[in-house]
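I opened my notebook to go through this structure piece by piece. Here is what I looked up, in the order I got to it.

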Amino acid sequence: MGKKFVVPFGSQHVALPEPIRFVFTTENEIIRNVAVDFGYVHRGIEKACMSKFKYTQVPYVVARVCGLCSISHASGYCLAIETLMDIEVPKRAVYLRIIAHELDRIHSHLFAVSHLCEVAGYENLFMRVMRDRELVMECLEIFTGNRVQYDFVTIGGVNRDLTKEVYEELKPRLEELEKRLLQLKEIFEKDYTLQMRWKGAGVITKEMAQKYNAVGPIARASGLATDCRVEFGYFPYEELGYRMVLYHEGDIWARNMVRVDESLVSIEVVKNAMDNLPKGEINVRVRGNPNGEALVRWEAPRGELLYYVKGNGKPVLERLRIKTPTFSVIPVMKELYYNQPYALVPDITISFDPCLSCTAR
Amino acid sequence: MKNFQEEKITPDQLREKIKSFYKEDEWHFITINGTDTGKSIEVKYFFAKYGKKEPVYALSLEIDYDQTLPSITDLIPSAWIAEEELYDLLGVKVEKAKGGIFLEPDSPKAPLRKSFQPKQK
């Protein structure tokens, strides 16, 4: 039996893009206990949306919950309000939302993939993935007008149409990105060092994923078939070539591969949506104030995002609740650390692609 | 238009109700939501079925501000995070919840209560 050491990890650490603090108790470099704290960036966004802002302003507030999945927050909220107020969004706007949402998923996934390469010591591969990610960042900027905070989705539809010029800018970039992603996939499938480091490391079994209610790519990498795009069915994904990506290994490598494969599926969905864009309006006018309750389960890049809204017939909501994907995976992440070597902590942590700004709100 | 299925229960019935239907391989526990109604706290437990296009199922109960809510972490291990959030942001006393995860010691207490008004600049 070795001597026990307490090792703090975070709140600021080179491997962490955002602040979270773990306190690991280790024995011979094996983790025996862990405590977690993640409330460093609580900004009171829910309170602000229930006290300061009108419900029509809220899409632009909740988009600031997270930089990487801002479109998911705005879309989840707008869909919840549209459900509550019985607003029918034009089909063209639905397709445009899908395009923006899937482009956002690609850039978020590639961000996670690049960071995982970085913590594995592959600086060059990190730079390469970030360079390829620029293609999708350009697509988002051309399509929505902004690189990160798009403010593209609004209650009743979207703020911007897809013109012929934009279509012609997007199409070659998507083709190029697809080619580069296939090359990247080959690297992840064949690279000896990455396989040695990631395969069989940080394994979450399907049973464990179910027990701790894992969501998104974390669940799907463990063979747990759950995706709000299927289960909540908010958009017609089936008609655009969506298919669920499932891996069964449950390790760091599988979590990375789910993101790479899902990015390829998203490219296909975006191309199909652009080629089959219905004609018509891109938004409808919204009148009145919300009264009653509704919720939406939205598949953000990191997994299930819940928006619950409660209105009382006034312009300011009675309750807005945001449950983010990282909120749901912290319990399984905490459990996973037990009996893992401390040296694997950066890789395991980043393989979850944690977003603490989302979680603390 | 409410788009989820809701069942009203009392706090005493919570644990038995969850025991009666919850199976890990069938049900996905989404989260717990608390709302300050001005008279009490309304608490909802949200669940969804894996792989099924069915409405979300919610167990709904009301508790007084000073009442203690039973913990469900022995039935659903991942629920600790939602219980901690209820404790921190709404000041709901939940068995086993210690607080201090979502807010720092010098943060306002229970900011999602109606009685808490943010300072206007």
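Predicted model: local features only at pLDDT ≥ 70, side-chain atom pairs only at ≥ 80, totals over all residues.

In which sense do strand β3 and strand β4 of chain B pair, and over how many bridges? I looked it up: β3 (residues 41-49) and β4 (residues 57-63) of chain B are antiparallel partners, joined over seven bridges. One spot I checked on that pair is F47(B), which faces Y57(B) in β4(B).

Reminder from class: strands in a sheet pair through backbone hydrogen bonds, in parallel or antiparallel fashion.

**The core**

Which residues have the most contacts inside the largest nonpolar core? I got A80(A), I99(A), A214(A) and Y307(A), in a core of 151 residues. Helix α4 (residues 91-119) of chain A gives the most to this core, 15 residues.

Skipping its neighbours within four places in sequence, I found contacts with several residues, including I204(A), L224(A), V329(A) and V332(A).

**Two helices in chain A**

I followed α4(A) to a helix it packs against. α3(A) and α4(A) meet at an angle of about 145°, and their axes are 9 Å apart. From α3(A), the contact uses I71(A), S72(A) and S75(A); from α4(A), it uses R97(A), A100(A), H101(A) and D104(A). Sorted by type, the residues of this contact are two nonpolar, three polar and two charged.

**Where the chains touch**

How many residues does each chain bring to the contact? I noted 34 from chain A and 29 from chain B. On the side of chain A that touches chain B, β6(A) has the largest share, with five residues. Other elements giving two or more residues there include α3 (70-84) and α12 (325-337) of chain A. That side of chain A divides into twelve nonpolar, ten polar and twelve charged residues.

**Confidence**

Last, I wrote down the scores. Chain B has a mean pLDDT of 89, with 98% of its residues at 70 or more. For the complex, the predictor gives an ipTM of 0.91 and a pTM of 0.90.

Terms used:
Residues numbered from 1 in each chain as written. Chains lettered and ligands numbered in written order. Pairing = 2+ DSSP bridges. Helix = DSSP H or I, 4+ residues; strand = E, 2+ residues; numbered from the N terminus. Core = buried A, V, L, I, M, F, W, Y, C linked by C-beta atoms within 7 Å. Buried ≥ 20, exposed ≤ 12 C-beta atoms within 10 Å, placed from the backbone. Contact = placed C-beta atoms within 7 Å. Nonpolar A, V, L, I, M, F, W, Y, C, P; charged D, E, K, R; others polar. pLDDT = per-residue confidence, 0-100. Axes fitted to C-alpha atoms, helices over the stretch in contact; angles between N-to-C directions.
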